[in-house]
Amino acid sequence: MDEDGRRQANRALKARSRYRLGRLRRDAVAYALVERIVRLRRVALRDVLQGHRGVGNAALTRQMAMYLVHVVLSRPQDVVGLLFDRERTTVSHACSAIETLREDDPAIDAELARIESEGWSALSQPDVRDVA
């Protein structure tokens with residue numbers, strides 16, 4: 001996306017959502033992973049980053065994104081919370097919910113396994129102080 005397109009997309013976001021997007025973009029690998037997930041699940045990034053639960057499968061997609069950033073990229077739960085502007089306990093709940101869902105739903109497990117196998121963990125690990 002070119003700079004004008006990016007500015008237009010950011011302008012459509014509310015101030016708090018722009019803040020969340022800016023914070024997530026500071027961790028380029030996590031941002032790329034979240035973008036990959038929202039594209040695969042056909043959910044708007046703005047829906048995943050909004051402050052409330054959201055519509056459709058935005059909440060599930062957000063939980064999956066938080067889970068993958070924590071598990072695949074080895075980001076601590078408090079850092080994942082900062083990236084998504086959520087409490088650490090919310091991230092913990094999301095990880096627990098996704099682990100349970102993986103056991104119960106083979107389709108979700110296959111979807112997550114496919115993303116995990118793409119080699120995200122081999123990418124560079126940022127200094128977590130850059131996120132805060």
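## A residue in a loop

Let's start with Gln50, which sits in the loop between α4 and α5. The model you are looking at is a predicted one.

Gln50 has a relative accessibility of 14%, so it counts as buried, the cut-off being under 20%. Its side chain reaches the backbone oxygen of Asp47, at 3.4 Å. Leaving aside residues up to four places away in sequence, Gln50 touches Ser17, Arg20, Val55, Arg62 and Arg86.

## The helix that follows

One of those partners, Arg62, is also among the buried residues of α5. This helix covers residues 58-71.

How many of the 14 residues of α5 are buried? The count is 11, so the helix is largely enclosed by the rest of the structure. Among the buried residues are Ala58, Thr61, Met64, Tyr67 and Val69. Their cover includes α3 (28-41) and α4 (45-49), along with α6 (77-84), α7 (88-104) and α8 (106-116).

## The whole protein

Stepping back, you will find eight helices and zero strands, giving the pattern α-α-α-α-α-α-α-α along the sequence. Of the protein's 132 residues, 41% count as buried.

Now for contacts between residues at least 6 apart in sequence: 63% of these join residues at least 24 apart. As for the surface, the protein exposes about 7,300 Å², with carbon and sulfur atoms supplying 48% of that area.

Methods. Residues numbered from 1 in each chain as written. Predicted model: local features only at pLDDT ≥ 70, side-chain atom pairs only at ≥ 80, totals over all residues. Heavy atoms only, no water. Helix = DSSP H or I, 4+ residues; strand = E, 2+ residues; numbered from the N terminus. Expected span 1.5 Å × (residues − 1). Buried < 20%, exposed > 50% of the residue type's maximum accessible area, 1.4 Å probe, protein only. Contact = heavy atoms within 4.5 Å. Areas by Shrake-Rupley, 256 points an atom, 1.4 Å probe, with all protein chains shown as cover. Polar contact = N/O pair within 3.5 Å; in protein donor to acceptor, adjacent residues only side chain to side chain.
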